[in-house]
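Take a look at the sequence and the model, then read on.

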Amino acid sequence: LRSGHHPVYRLEPSNLISLFELVLAGEASENDWQVFIGIPLRHDIALRDMQRRCQRLTETEYLGAGGAYLFSPRGLRELESMLRELKAERADQDHG
C-alpha cells in the first residue's frame with residue numbers, strides 16, 4: 001500500500017440489508033451502525049440517499065447500545081420500511 005492511501009470499502013445493497021436485519025433483531029453493534037453512517041458512498045446514488053435517511057433517523061431515533069435495540073420503536077419501524085424498499089428494489093433488479 002502506498003503511504004497515505006486508505007482502503008476503499010464498497011457497500012452493496014446486500015450489506016445494507018444484512019445490517020438492517022441485524023439492527024431489527026437487536027444484534028447490531030453501535031460500531032456496525034456508525035461505520036455505515038460514516039462511510040463515503042459515491043458509487044451508488046440510491047444507497048447514498050438511504051444512508052442520508054439513516055443519518056437523519058440517527059439524529060432523532062438513535063438510542064445507542066444502552067438498551068436491547070439501537071433505535072426507538074419509531075426508528076425500528078422506519079428501518080423496517082427502508083428494509084422493505086431495499087428488498088423490493090433488489091427484486092426488481094434481479095427480474096429486470
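V23 touches A28, W33, Y69, L70, F71, L76 and L79, not counting residues up to four places away in sequence; contact means heavy atoms within 4.5 Å. This is a predicted model, in which local features need pLDDT of at least 70, side-chain atom pairs count only at pLDDT 80 or more, and totals for chains, interfaces and linings use all residues. Residues are numbered from 1 along each chain as its sequence is written, and side-chain values use heavy atoms, with hydrogens and water left out.

**Overall layout and confidence**

- The protein chain holds 4 helices and 0 strands. Helices (H or I, at least four residues) and strands (E, at least two) are DSSP runs, numbered from the N terminus.
- Along the sequence the pattern reads α-α-α-α.
- Of the 96 residues in the protein chain, 31% are buried. Buried means under 20% relative accessible area, exposed over 50%, and partly exposed in between (1.4 Å probe, protein chains only).
- Take the contacts between residues at least 6 apart in sequence: 60% of them join residues at least 24 apart.
- Mean pLDDT for the protein chain is 89, and 90% of its residues reach 70 or more. pLDDT is the predictor's confidence in each residue, from 0 to 100.
- Confidence is highest in α1, at a mean of 96, and lowest in α4, at 92.

**Nonpolar core**

- The largest nonpolar core has 24 residues, and F20, V23, W33, F36, F71 and L79 touch the most other members. Each of α1, α2, α3 and α4 supplies at least two residues of this core.
- A nonpolar core is a set of buried Ala, Val, Leu, Ile, Met, Phe, Trp, Tyr and Cys residues joined through side-chain atoms within 4.5 Å.
- In soluble globular proteins, nonpolar side chains tend to be buried together.

**Helix α1**

- L16, I17, L19, F20 and V23 are the buried residues named in α1. They cover an arc of only 165° around the axis, which puts them on the same side of α1. The arc is that of the directions from the helix axis to the C-beta atoms.
- The buried residues of α1 pack against α2, α3 and α4.
- α1 has 12 residues and reaches 16 Å from its first C-alpha to its last, close to the 16 Å expected at 1.5 Å a residue. The expected span is 1.5 Å times one less than the number of residues.
- G26 follows α1, and its phi is positive, near 75°.

**Helix α2**

- W33, F36 and I37 are buried in α2 (residues 30-38). Seen down the axis of α2, its buried residues fall within an arc of 100°, so they line one face of the helix.
- The face turned away from that buried side carries the exposed residues N31 and G38.
- The packing partners of α2's buried residues are α1 (13-24), α3 (45-61) and α4 (73-95).

**Buried polar residues**

- T58 is found in helix α3. T58 counts as buried, at 17% relative accessibility.
- The side chain of T58 makes a polar contact with the side chain of W33 (2.8 Å). A polar contact is a pair of N or O atoms within 3.5 Å; within protein, one must be able to donate a hydrogen and the other to accept it, and residues adjacent in sequence count only if both atoms are side-chain atoms.
- T58 also touches I37 and F71, not counting residues up to four places away in sequence.
- S72 lies in the loop between α3 and α4. S72 is buried, with a relative accessible area of 11%.
- Neighbours within four places in sequence aside, S72 is in contact with E61 and L63.
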